[in-house]
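Here are my notes on the model you sent over. Keep the viewer open while you read them.

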Amino acid sequence: MEDIPAEYQIEPQQLSFAGNAYFNFINSLKSPNTKTTYIQCLKQYMQYRKVKAVDELLIGDQRLLQSNIIEYLVSLQQISHGTRYLYA
C-alpha cells in the first residue's frame with residue numbers, strides 16, 4: 001500500500017458493512033454486477049472518509065454530507081484514470 005495516498009490507508013478488512021444504511025443500500029440493488037461495483041465504490045469512499053462503518057457516513061447534516069461527497073468526487077478527478085484502478 002506504499003503507493004496509495006494517506007486518505008486510502010484504512011485496511012478493507014477493518015470496514016464494517018452492517019446496519020440499516022447498508023441493508024437498505026445493498027437491498028435496493030438488483031444486479032449482482034451492480035452490487036459488486038457499488039460495494040467496491042463504497043469501500044473506496046469509506047477509506048477516503050476514514051470511517052470503518054457505513055452508518056458513520058451519515059453523521060452530520062445534509063449539506064455536510066453533500067459537501068463530503070463532492071470533495072471525494074473532485075479528488076477522484078485529480079487521480080489519473082489508470083491509477084484509480086489501483087485503489088480497487
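1. Accessible areas come from the Shrake-Rupley method with a 1.4 Å probe, and for residues only the protein chains shown count as cover.

2. A word on what we're looking at: this is a predicted model, where local features need pLDDT of at least 70 and side-chain atom pairs count only at pLDDT 80 or more, while totals for chains, interfaces and linings use all residues. Residues are numbered from 1 along each chain as its sequence is written, and side-chain values use heavy atoms, with hydrogens and water left out.

3. Now the overall fold. The chain has four helices and zero strands, so called because helices (H or I, at least four residues) and strands (E, at least two) are DSSP runs, numbered from the N terminus. Reading from the N terminus, the order is α-α-α-α. Of the 88 residues, 27% count as buried. The chain exposes about 6200 Å², and carbon and sulfur atoms supply 55% of that.

4. How much of the contact pattern links residues 24 or more positions apart? Such pairs account for 62% of the contacts in the chain with a separation of 6 or more. Contact here means heavy atoms within 4.5 Å.

5. Ala-21, Tyr-22 and Ile-26 are buried. They cover an arc of only 115° around the axis, which puts them on the same side of α1; the arc is that of the directions from the helix axis to the C-beta atoms. As a reminder, an α-helix has 3.6 residues a turn, so residues three or four places apart point the same way. On the other side of α1, Asn-20, Phe-23 and Asn-24 are exposed. What do the buried residues of α1 pack against? Their partner is α2 (32-49).

6. Next, the largest pocket, with a volume of about 300 Å³. On a 1 Å grid over the protein atoms alone, a pocket is an open set of points with protein on both sides within 12 Å along at least five of seven lines, whereas a cavity is a set of points where a 1.4 Å probe fits but cannot get out; lining residues have an atom within 4 Å of a point. Grid points are joined across faces, edges and corners, and a volume is the space filled by probe spheres set on the points.

7. The pocket is lined by 13 residues, and Leu-42, Tyr-45, Leu-57, Leu-58 and Ile-69 lie nearest its centre. Helices α1, α2 and α3 (62-77) each supply at least two residues of the lining. What is the lining's make-up: nonpolar, polar or charged? It divides into 13 nonpolar, no polar and no charged. In that scheme Ala, Val, Leu, Ile, Met, Phe, Trp, Tyr, Cys and Pro count as nonpolar, Asp, Glu, Lys and Arg as charged, and the others, Gly among them, as polar.

8. Leaving out residues up to four places away in sequence, Leu-58 touches Ala-21 and Leu-65. Leu-58 and Ala-21 are 37 residues apart in sequence, yet 8.4 Å apart in space, C-alpha to C-alpha.

9. Back to Asn-68, which belongs to helix α3. Not counting residues up to four places away in sequence, Asn-68 touches Tyr-45 and Arg-49. Over in helix α2, Tyr-48 counts as buried at 11% relative accessibility.

10. Last, one backbone angle to check in the viewer. Lys-50 has a positive phi of about 60° although it is not a glycine. Most residues other than glycine have a negative phi. Lys-50 lies in the loop between α2 and α3 and is exposed, with a relative accessible area of 55%.

Technical notes
Buried < 20%, exposed > 50% of the residue type's maximum accessible area, 1.4 Å probe, protein only.
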